[in-house]
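Take a walk through this model, one site at a time. Keep the sequence beside the 3D view.

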Amino acid sequence: MDSIRLKNVTKIYGDFCAINNLSFNIKKGDIVGIVGANGAGKTTLLEMMMGIRKPTKGKIELLGIDFKNNSKKVKNNIGVLLQEQCVYKDAKIIELFNFFHDLYPFSLNVEEVIEIVNLGKYINVKFKNLSGGLKQRTLLGLAIINNPEIIFLDEPTTGLDPDARRALWKSILKFKKENKTIILSSHYMDEVQKYCDEVIIIKNGNIVKKDKPINLINSVVKAKTLEDAYFYYAMGEEL
Ligand SMILES: Nc1ncnc2c1ncn2[C@@H]1O[C@H](COP(=O)(O)OP(=O)(O)OP(=O)(O)O)[C@@H](O)[C@H]1O
Ligand SMILES: [Mg+2]
């Protein structure tokens, strides 16, 4: 079953085409990584799927529902972590979780979410005093508090040390176990290779390739890692 379907989706800013006529489907329960150079169009694509930006042309269906027709129903079923996200920085972690919990009609239990993102030790610390890794784990927790079917994460691990990245992935993999669909962007090919079921490589608003990491690696002569395949497909470099 598909969680997401895009048909001929285009985004034009002024006279610049940021996303060019993309059509693809994403299977329920998959972790899908969107990769590409700075400015390739990842955030634009993700934010159109989240319903934050409107496509200039084309159709987006989430969980079989056309976004245009029933955006409220769709929004209750998605969770988002934005590339540049603001929360009330003076609030304690427990206060943030309680606040977001009360926003939704069918929220998960706050203790349960804090356990998933492993923040039990920090509930009385103010957001502004957390390290980068713990901030991202908080934002991830807030993204899943409404028990969404689809979770969008725009560069969730950027700037984190290897230990913090692994901790974040541990939480992400817990959602996958529950058959949730996860779509994220990343500039770290090692984590995309390790954790993603499918990779979408975009270049100048076009999909260059969409496939499993292993198939992408095997499709490029001499490529040993996804990073090798990325340089070939996204950067046009010969190995
Ligand atoms: N609101 C906007 N108005 C005009 N141009 C925009 C707007 N948002 C993005 N762009 C342009 O669209 C292109 C794609 O931007 P986008 O932010 O989607 O890239 P990205 O792949 O997420 O990059 P990064 O890796 O740096 O986050 C860029 O050339 C950017 O300058
Ligand atoms: Mg971006």
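A residue is called exposed when its relative accessible area is over 50%, and buried when that area is under 20%. Keep in mind that the model is predicted.

Start with helix H3, residues 93-103. On one side, Phe99 and Asp102 are exposed. The buried residues of H3 are Ile93, Ile94, Leu96, Phe97 and Phe100. These five span an arc of only 160° around the axis, so they sit on the same side of H3. An α-helix has 3.6 residues a turn, so residues three or four places apart point the same way. What lies over the buried residues of H3? The cover includes helix H4, residues 110-116, and helix H5, residues 132-144.

Now turn to ligand 1. The shell around ligand 1 holds 15 residues, of which Gly39, Lys42, Thr43, Thr44 and Gln83 come nearest. By class, the shell divides into 5 nonpolar, 7 polar and 3 charged residues.

Polar contacts come next. An N or O atom in the side chain of Lys42 is 2.7 Å from an oxygen atom of ligand 1. For Asn38, a polar side-chain atom lies 3.0 Å from an oxygen atom of the ligand. Ala40 takes part through its backbone: a polar atom there is 3.2 Å from an oxygen atom of ligand 1. How much of ligand 1 does the protein bury? Taken alone, ligand 1 exposes 640 Å², and the protein buries 63% of that. Two elements each give two or more residues to the shell: strand E2 (16-27) and helix H1 (42-50). The largest share, 3 residues, comes from H1.

Next, look at Ser171. Its place is in helix H6, residues 162-177. Is Ser171 buried or exposed? Ser171 counts as buried because its relative accessibility is 2%, and the cut-off for buried is under 20%. Leaving out residues up to four places away in sequence, Ser171 touches Ile116, Val117 and Leu140.

Finish at Val208, in strand E10 (residues 206-211). Val208 has 33% relative accessibility, so it counts as partly exposed. Beyond residues up to four places away in sequence, Val208 touches Ile201, Ile202, Lys203 and Tyr233. Where does Val208 stand relative to Gly79? The two are 129 residues apart in sequence, and their C-alpha atoms are 27 Å apart in space.

Terms used. Residues numbered from 1 in each chain as written. Chains lettered and ligands numbered in written order. Predicted model: local features only at pLDDT ≥ 70, side-chain atom pairs only at ≥ 80, totals over all residues. Heavy atoms only, no water. Buried < 20%, exposed > 50% of the residue type's maximum accessible area, 1.4 Å probe, protein only. Helix = DSSP H or I, 4+ residues; strand = E, 2+ residues; numbered from the N terminus. Arc of directions from axis to C-beta. Contact = heavy atoms within 4.5 Å. Near = heavy atom within 4 Å. Polar contact = N/O pair within 3.5 Å; in protein donor to acceptor, adjacent residues only side chain to side chain. Areas by Shrake-Rupley, 256 points an atom, 1.4 Å probe, with all protein chains shown as cover. Nonpolar A, V, L, I, M, F, W, Y, C, P; charged D, E, K, R; others polar.
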